[in-house]
Amino acid sequence: MDHITHLFKSGPSALWSTLQDTPPSIVVPLITITAALPIVLFSLYHAYAVSPVILIHNKSPVSITTYDSKTDTTKREDLVEYIKKNCPSLFGPGAVYRPTPWLANGHLQTACSAMKEFKDLYQIDYHRELLSTPDGGTVSIDWAPSLKQLPADSTPTLVLLHGLTGGSYESYIRALVDHVTKVYGYRCVVFNARGCANTQVTSPQLFSGGYTEDIRMVVKHLRKTLPESKMMGVGFSLGSNILMNYMGEEGDRCEFLAAMSVGNPFDMLGSCLAIERGWFTRKVYAPAMGGNLKKVLLDHADAFKNTNIIDLDTVRSEVVRMRQFDDQVTRKVYGYETVSQYYRAASSANRILAIKRPFLCLNAQDDPIAVDEILPRDEVCANPYGLMATTAHGGHLGWFEGMSNPTRWCTKPLAEYCAAIFEADRRSISETRDAPSAVRHFAIEE
């Protein structure tokens with residue numbers, strides 16, 4: 001052992017000289033081990049880190065209408081087969097997620113997602129519009145491009161909902177906005193919840209995972225502003241829970257052509273219990289999320305001063321973890337008796353079966369927040385509009401790939417699904433609705 005240690009401590013010339021004087025019985029195994037090490041490491045990485053995409057869906061999916069502008073004809077295709085054909089990142093030999101080797105862990109992926117801002121990438125020139133809610137609150141929507149740059153027309157529109165206390169500035173939002181606006185020429189609108197992304201809180205109410213009136217108001221505003229544009233929604237984390245709740249509540253009246261859910265906790269009570277159960281997640285994630293919520297509230301404390309809904313002093317002194325915040329603030333603002341009642345009522349898994357538009361759910365099995373055990377696989381399989389894609393790795397809103405400058409893999413399948421739905425029939429709302437062989441503007445039927 002001392003002889004081998006000496007070999008590595010020597011300089012290049014001394015090492016070569018030493019090797020010449022070293023018995024072959026030592027040199028040959030040493031060279032063999034050194035040569036085999038990269039192969040072993042690569043094999044381990046390929047065996048345990050590379051993640052093929054796993055798809056689950058109903059055995060009898062709905063059909064989608066596709067339109068050929070050259071022949072002015074439409075035809076029906078099985079929705080899942082159509083998606084498989086047009087989304088190589090979800091199905092086929094390229095449907096594999098290869099995580100950054102030094103981020104081949106759900107916690108590392110999640111930490112990178114929270115800390116890496118990608119300031120030099122995805123520079124989006126947003127145009128902000130403020131909207132007032134019926135209760136006197138304020139939400140904001142960020143347009144990319146602005147209506148001045150791209151006036152209202154039939155250009156497809158992607159509506160994005162951010163995660164907990166996030167906003168249009170989040171890197172996962174900007175990455176997708178950058179891709180679909182530049183590659184496909186679509187319009188994007190980011191919905192910023194109350195108190196998020198420098199949006200002021202002007203009534204004693206914050207956002208919650210089960211409150212859908214704000215996104216409903218935004219969609220109505222967008223439909224009025226863009227009467228000929230087909231729209232699709234994509235939500236991330238808590239935003240995806242809100243989006244899927246909205247989709248289920250709207251049913252076959254929904255203005256969205258389709259929806260994409262990314263890193264959705266689905267079962268908010270199950271997610272919270274999983275976070276509280278683990279030592280690391282309880283000590284790291286729960287306080288981090290609770291701290292973010294607490295900061296949003298205290299930054300806008302003036303909106304709650306003249307009400308008896310919540311005790312701001314108690315929030316300041318006692319609230320640390322997310323569950324404590326939801327118990328002291330969220331469930332009181334929204335009139336729930338207990339925090340568990342709020343979590344159960346707000347869980348979008350309850351409304352998966354009621355969704356009547358195509359939807360894609362993308363989740364990582366090593367997500368420490370939207371944990372694998374709570375994913376509503378049975379509900380997705382029971383809904384002919386649904387498709388769930390999972391990868392073994394990716395963390396919470398991570399999915400980083402590449403070595404020196406990691407980027408998000410998830411942008412590719414999301415953009416492909418978005419384009420597949422929008423490009424199936426590029427006619428405007430009025431043209432699609434009036435077409436004799438189409439079924440309303442969303443072009444989906446069972």
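**Figure 1. Lysine 116 and the ring of phenylalanine 118.** In this predicted model, the charged end of lysine 116 is placed over the ring of phenylalanine 118, at 4.9 Å from the ring centre. Phe118 also belongs to an aromatic cluster, together with Tyr122 and Phe400.

**Figure 2. Arginine 427 and the ring of tyrosine 67.** The ring of tyrosine 67 has the charged end of arginine 427 sitting over it, 3.8 Å from the ring centre.

**Figure 3. Phenylalanine 280 and tyrosine 285 as an aromatic pair.** Across the whole structure, a search finds 11 aromatic pairs. In the pair of phenylalanine 280 and tyrosine 285, the ring centres are 5.9 Å apart and the planes meet at 80°; the pair is therefore edge-to-face, because planes over 60 degrees apart count as such. Phenylalanine 280 is partly exposed, at 38% relative accessible area, whereas tyrosine 285 is buried, at 9%. Another aromatic pair, tyrosine 342 with tyrosine 343, is tilted, with 5.3 Å from centre to centre and 40° between the planes. Both tyrosine 342 and tyrosine 343 are buried.

**Figure 4. A nonpolar patch on the surface.** Trp279, Phe280 and Val284 make up this patch, and their accessible area together is about 320 Å². Valine 284 is located in the loop that lies between α10 (279-283) and α11 (285-299). With a relative accessibility of 36%, valine 284 is classed as partly exposed.

**Figure 5. Cysteine 112 and cysteine 410.** Cysteine 112 has a relative accessible area of 12% and is therefore buried, because the limit for a buried residue is under 20%. Cysteine 410 is likewise buried, at 3%. Zero disulfides are found in a search of the whole structure.

Terms used
Residues numbered from 1 in each chain as written. Predicted model: local features only at pLDDT ≥ 70, side-chain atom pairs only at ≥ 80, totals over all residues. Heavy atoms only, no water. Disulfide = S-S within 2.5 Å. Buried < 20%, exposed > 50% of the residue type's maximum accessible area, 1.4 Å probe, protein only. Patch = residues over 30% accessible without salt bridge, like charges linked within 9 Å, V, L, I, M, F, W, Y side chains within 5 Å. Areas by Shrake-Rupley, 256 points an atom, 1.4 Å probe, with all protein chains shown as cover. Salt bridge = Lys/Arg side-chain N within 4 Å of Asp/Glu carboxyl O. Helix = DSSP H or I, 4+ residues; strand = E, 2+ residues; numbered from the N terminus. Phe/Tyr/Trp six-rings, centres within 6.5 Å; stacked < 30°, edge-to-face > 60°. Lys NZ or Arg CZ within 6 Å of the ring centre and 35° of its normal.
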